[in-house]
Amino acid sequence: MHHYKAFGLNILSEIELPELSDGDASTRHDLYIQSASFELPALENTQLYRRGVRAGFAKDADENLYLHWNNVASFKASNGNCLVVRPLVDDNNLVSLFTVSEALGLILFQRGLFLLHASAVRVGNEGWCFMGMPGAGKSTTAAAFIKAGCKLLSDDLTAIGFNDNGLAYIVPAYPQLKIWDKTANGLHYEKSELQPVSEGVNKFSYQPKSDFLQEPVPLKEVFFLHKARNRKPLVPLSAAEIPTETLKNFPLPSQLLTEDALKRHFSQSFQCTRSARLWKKKRPDGFENLEKWVSESIAEQLTAG
């Protein structure tokens, strides 16, 4: 049995999940990850692809959520506290990769967290979040901030909660940031300090396990990154754009966002504006300009904060 911590949850798992932080065996677990066989209901195709595999999704009458990746694994999420994994391949690292992404996201969704396909870092005492279409530069931007001394909070899947005063905070995920070889070279990361993601994939992972933050960080800045040359470098997101932009960056099957869940998503997206500024940001061209923007942004935050 393995003990982990991720997204503020103490996890007891029957399978190895090396991406996650080590947990405390003496602490009561919030989530149990079981390896077992189960029957899948009829599946619908989703908009989600990972490693070229399209995910299938289903929801049964008892509100259990299912995710299926052909020849990789099937997942069943129940009550926000149990995730059943049915591996379909002998590659434990591959099963772990798919478990700590969208499958774990189903549990976070059931627990009512606001989820975004985004990367996040701590700048000073603030949580800054970066999202955008594939290739917009979410992980690269986060990597540039980390290179400048900021702390990683999440990569790919970002979970946002709200305190008793309704203010948004980022729940740190786990200590892994995946970056392409080009980014590692462009930002002059020391390759010996990075781990190859897996054989045949030109990606590396940065794993700050020893000093990874576990406490929530107030959400203060959200950047929707783009590369359009005909737009201004930085523009505040209008009220009308907020729900649609966050909807575009929902990281789980779109079939989940119906009726009350869709209302909750829209409500939470507006709730973020009570404590955070939301921007459309053109990603600086080239690594030199990216690092220049990062340096200036950090200096401004430290002066203001």
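How far is the sulfur of cysteine 150 from the closest cysteine sulfur? That sulfur belongs to cysteine 129 and sits 14 Å away, too far for a bond. With a disulfide taken as a pair of cysteine sulfur atoms within 2.5 Å, the count comes to 0 disulfides. Cysteine 150, at 9% relative accessibility, is buried, and cysteine 272, at 4%, is buried as well. Here buried means under 20% relative accessible area, exposed means over 50%, and partly exposed covers what lies in between (1.4 Å probe, protein chains only).

A quick word on the ground rules: this is a predicted model, in which local features need pLDDT of at least 70 and side-chain atom pairs count only at pLDDT 80 or more, while totals for chains, interfaces and linings use all residues. Residues are numbered from 1 along each chain as its sequence is written, and side-chain values use heavy atoms, with hydrogens and water left out.

Next up is arginine 50, found in strand E5, residues 44–50. Helices (H or I, at least four residues) and strands (E, at least two) are DSSP runs numbered from the N terminus. Arginine 50 is buried at 13% relative accessibility. Its side chain makes a polar contact of 2.9 Å with the side chain of aspartate 156 and another of 3.5 Å with that of serine 101. Such a contact is a pair of N or O atoms within 3.5 Å; within protein, one must be able to donate a hydrogen and the other to accept it, and residues adjacent in sequence count only if both atoms are side-chain atoms. Leaving aside residues up to four places away in sequence, arginine 50 touches Trp69, Leu97, Phe98, Ser101, Glu102 and Asp156, contact being heavy atoms within 4.5 Å.

On to the helices. Helix H2 (residues 138–147) has 8 of its 10 residues buried, so the rest of the structure largely encloses it. Among the buried residues of H2 are Ala142, Ala143, Ala144, Phe145 and Ile146. After H2 comes glycine 149, with a positive phi near 110°. The axes of H2 and helix H6 (residues 286–304) come within 9 Å and cross at roughly 60°; axes are lines fitted to C-alpha atoms, for helices over the stretch in contact, and angles run from 0 to 180 degrees between N-to-C directions. H2 and H6 are therefore oblique to each other, given that angles under 35 degrees count as roughly parallel, over 145 as roughly antiparallel, 65 to 115 as roughly perpendicular and the rest as oblique. On the H2 side, Thr140, Thr141, Ala144, Phe145 and Lys147 meet H6 residues including Phe287, Leu290, Trp293 and Ile298.

Helix H4 (residues 241–248) holds proline 243, which is buried with a relative accessible area of 9%. Not counting residues up to four places away in sequence, proline 243 touches Phe266, Ser269 and Phe270. Leucine 116 is 127 residues from proline 243 in sequence, yet their C-alpha atoms are 12 Å apart in space. H4 packs against helix H5 (residues 259–271) at an angle of about 115°, with the axes 9 Å apart. Ile242, Pro243, Thr246 and Leu247 of H4 make this contact with Leu262, His265, Phe266, Ser269 and Phe270 of H5.
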